[in-house]
Amino acid sequence: MSAGLRCKGWRQEALLRMLENVLAVGENPKDLVVYAAFGKAARNWPAHDAIVRTLMELEDGETMIVQSGKPIGVIRTHVHAPVVIMANCNVVGQWATAENFYALEKKGLICWGGLTAGDWQYIGSQGVIQGTYEIFSRIAERHFDNDLRGRFVLTAGLGGMGGAQPLAGRLAGAAILVIEADPARIERRIEDRYLQHRAASLDDALARIRDAQARKEPCSVGLEGNAADVYPEILRRGIIPDVVSDQTSAHDLIYGYIPSGYSLADVRRLREDDPAKLMRDGLASIGKHVTAMLGFMDRGSVVFDNGNLIRTQAKKAGVERAFEIQIFTEAFLRPLFCRGIGPFRWVALSNDPEDIRKIDDFVLERFPDNRIVTNWIALAREHVPFQGLPARIAWLGHGDRTALAVAVNEMVRDGKLAAPVAFTRDHLDAGAMTHPNIMTENLKDGSDAISDWPLLNAMMHCSSMADLVAIHSGGGGYSGYMTSAGVTVVADGTETARQRLTLSMTNDTSLGIMRYADAGYPDALDEARRSAIRHIPL
Ligand code: NAD
């Protein structure tokens, strides 16, 4: 099984393949940009090449240290220590502003790792799709008799993460219209089979949606346009969608959000010539954009912020009511996080889709009563195309993640899979992220902004033998808004991998449940009791 290895072992080789993969499925690999406007896999190409070289040279018992996308050295540790530890884009509080970030970035001193770009865990739009699907499903349960058929969802942004929206909406049964300013992104999502149709005009788009609603058929339509223009126009026509959201890169006013009236070329030019004007005009556009979202909300639409900081930006633009829009985590996902259920993922390092299919079969057999997971796996295997290395996401919880990872490790050991499998998760997971405007908004105990939790999460993974551990903070418009932690553990079929997976996976969800138990959430307190998690209530 070690044939084809370029590194000295599977742990190092796995991380190299994960790095190659984030670029293979990324949005703009030539600039090392993976997703979320400016989330990068490495600081620059020399840093990237040095990371690759070092991974190939690393012996067991050595650890590479990466600082904001640049490898700074190798230290002797021990065979149970991580292969790679990283700290990406962490800036001391008072200095953590967008302006300082861009200045440091220009000097080549820092880069933003997004959540899963800088630590090589991104798996394309498929990584966020179940999360988006679960949000739509919760909305269906709560507002539409558990059925989104015949319902109109309006949203925007078909980038790396936003590209999951049309497929997630369609899988949930809705007729979904996505506004996107860049026609190349529309084409890419059609090629990837995440989006069905490209509309020729707003009239055409609305007619397709109306038709799908009347037939109660799931349907996804992309329309080239600027959301700050198209949303107000739809509102002006008195057409009120059932659900409204947005996943443009509103968090980043230089590399992400495209202001109304701007072409892509205008944005590129102003980035260099007059970034202050670009930011001003971006904010003004977001003001219009969010005012229209509030208009839809006032007329009955279910409106939510899908984690792109658009309300925060709108507030800066003077939209006083922006925070009347609910955040998706608090509104729909927190009850799952309280039980340690979150976006768990695995990646077939063999590049063989058959490995994922075998793991799918195992999951369906092993967790027959877990409706969230069995429903998702059945949908995903039929409808979600693989991008890059075949991978799967499934919202598994405490204990189940460990059970799966250990079983897969045995499948690798017994030669049932073609190669080892990497286990990882999104940073947006129970104990792994502090972001007071996204993940930790309105916590019961008011601990929204305390970032001890992701730091503890990373230290815990280092103490639990994980293979890669990363601490990230926000860059661009996210500067000063977030801290999070990432982890990867490789199931290479060995006994030590079994120990790594058991400790890391179990302690990850334990800490997540403790975080919410500590904040006083009854579900988390109940889960801690049920699962014999040694939370210390005070
Ligand atoms: P991306 O940069 O790859 O794509 C953003 C897209 O928005 C681009 O295609 C861009 O052309 C389009 N766009 C920008 N301004 C527009 C406008 N005014 N009108 C129409 N289209 C416009 O980013 P991404 O990876 O898709 O992420 C999108 C946002 O979602 C980011 O802010 C990201 O941080 C956030 N995000 C949320 C979650 C979550 O869990 N909910 C996960 C990942 C990312």
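**View 1. Val91 in a loop of the predicted model.** Val91 lies in the loop between strand S5 (84–88) and helix H3 (98–106), where helices (H or I, at least four residues) and strands (E, at least two) are DSSP runs numbered from the N terminus. At 30% relative accessibility Val91 counts as partly exposed, a class between buried, under 20% relative accessible area, and exposed, over 50% (1.4 Å probe, protein chains only). This is a predicted model, in which local features need pLDDT of at least 70 and side-chain atom pairs count only at pLDDT 80 or more, while totals for chains, interfaces and linings use all residues. Residues are numbered from 1 along each chain as its sequence is written, and side-chain values use heavy atoms, with hydrogens and water left out.

**View 2. The stacked rings of Phe38 and Tyr255.** The structure holds 14 aromatic pairs, that is, rings of Phe, Tyr and Trp (its six-membered ring) with centres within 6.5 Å, called stacked if the planes are under 30 degrees apart, edge-to-face if over 60 and tilted otherwise. Among them, Phe38 and Tyr255 are stacked, at 3.8 Å centre to centre and with 5° between the planes. Phe38 lies in the loop between strand S1 (33–35) and strand S2 (39–40) and Tyr255 in the loop between strand S10 (243–244) and helix H9 (264–273), so the pair ties together parts that are 217 residues apart in sequence. Phe38 is buried, with a relative accessible area of 8%, whereas Tyr255 is partly exposed at 21%.

**View 3. The tilted pair of Tyr102 and Tyr255.** Tyr102 and Tyr255 form a tilted aromatic pair, 6.0 Å centre to centre with 40° between the planes. Phe38, Phe101, Tyr102 and Tyr255 form one aromatic cluster.
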